Amino acid sequence: RPKFLSKEERAKLAIQKRQQQVAQQRESHQAEKMARRQFEDEGHGGGRDRRRYDNFEEREKHREALMAEKDHSKELEVIRNRYLGLNKKKKKVRKISDRKFVFNWDAGEDTSVDFNPLYKSRHQIQMFGRGHIAGIDLKSQKKNASEFYTDLLDERRTEEEKQMAEYDSL
């Protein structure tokens, strides 16, 4: 059965309810603040702790992760622009009688840079024996090939074989 409450009693109950809500919000805010402080004290707050980057490999991994994140965001932006048609500028229509070559290209028309990591790195052709690519400097091709073979041998050799090679060269 509902109980009749006067206007004053309803006002008192409303004030008490509001005070309880405010107290709960303060407690949750304090708990969040403490958790954030504890997190920052552990050394994860904004890159203040340099101990994380003591060795070169960790710095490189961190840098590569940041670059990958940037590339991913750029790639998503390019896809959005391509499929949603954002920022579309009208091209200047040229008359057929204008036979001049236009040197000022729009940066958006540049297709040489690809943000997708799959297409970003080009595959290096490795020819065995005396194979060379036409039109490219012979010395640089030989240098790249010798670097490739030395790296390949270093990977495959064991420590004992490396020591033997050093001993033979002396």
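The questions and answers below concern a predicted model.

User: Why is Glu75 called buried?
Analyst: Its relative accessible area is 18%. Buried means under 20%, so Glu75 counts as buried.

User: Where does Glu75 lie, and what does Glu75 touch?
Analyst: Glu75 lies in helix H2. Leaving out residues up to four places away in sequence, Glu75 touches Phe115, Asn116 and Pro117.

User: How do you know that the span of helix H2 is close to the one expected?
Analyst: Helix H2 covers residues 56-84, which is 29 residues. From its first C-alpha to its last it reaches 42 Å, and 42 Å is expected at 1.5 Å a residue. Just after H2, Gly85 takes a positive phi of about 75°.

User: What makes Arg63 and Glu60 a salt bridge?
Analyst: The closest N and O atoms of Arg63 and Glu60 are 2.9 Å apart. The cut-off is 4 Å between a side-chain nitrogen of Lys or Arg and a carboxyl oxygen of Asp or Glu, so Arg63 and Glu60 form a salt bridge. Both residues lie in helix H2, three residues apart, about one turn of the helix.

User: Why is Glu60 called partly exposed?
Analyst: Glu60 has 21% relative accessibility. Buried means under 20% and exposed over 50%, with partly exposed in between, so Glu60 counts as partly exposed. Arg63, with a relative accessible area of 46%, is partly exposed as well.

User: How many salt bridges does a search of the whole structure find?
Analyst: The search finds two. Besides the bridge between Arg63 and Glu60, the side chains of Glu32 and Arg36 meet in a salt bridge at 3.8 Å, N to O. That value is within the 4 Å cut-off.

User: Why are Glu32 and Arg36 separated by about one helical turn?
Analyst: They are four residues apart in helix H1, residues 7-44. An α-helix has 3.6 residues a turn, so residues three or four places apart point the same way. Glu32 is partly exposed at 49% relative accessible area, and Arg36 is partly exposed at 44%.

User: What makes Phe148 and Tyr149 an aromatic pair, and is the pair stacked or edge-to-face?
Analyst: The structure holds one aromatic pair. Phe148 and Tyr149 form this pair, with 5.5 Å centre to centre and 65° between the planes. Rings pair if their centres lie within 6.5 Å, and planes over 60 degrees apart count as edge-to-face, so the pair is edge-to-face. Phe148 is partly exposed, with a relative accessible area of 31%, and Tyr149 is partly exposed, with 30%.

Conventions
Residues are numbered from 1 along each chain as its sequence is written. This is a predicted model: local features need pLDDT of at least 70, side-chain atom pairs count only at pLDDT 80 or more; totals for chains, interfaces and linings use all residues. Side-chain values use heavy atoms; hydrogens and water are left out. Helices (H or I, at least four residues) and strands (E, at least two) are DSSP runs, numbered from the N terminus. The expected span of a helix is 1.5 Å times one less than its number of residues. Buried means under 20% relative accessible area, exposed over 50%, partly exposed in between (1.4 Å probe, protein chains only). Contact means heavy atoms within 4.5 Å. Rings of Phe, Tyr and Trp (its six-membered ring) pair if their centres lie within 6.5 Å; planes under 30 degrees apart count as stacked, over 60 as edge-to-face and the rest as tilted.
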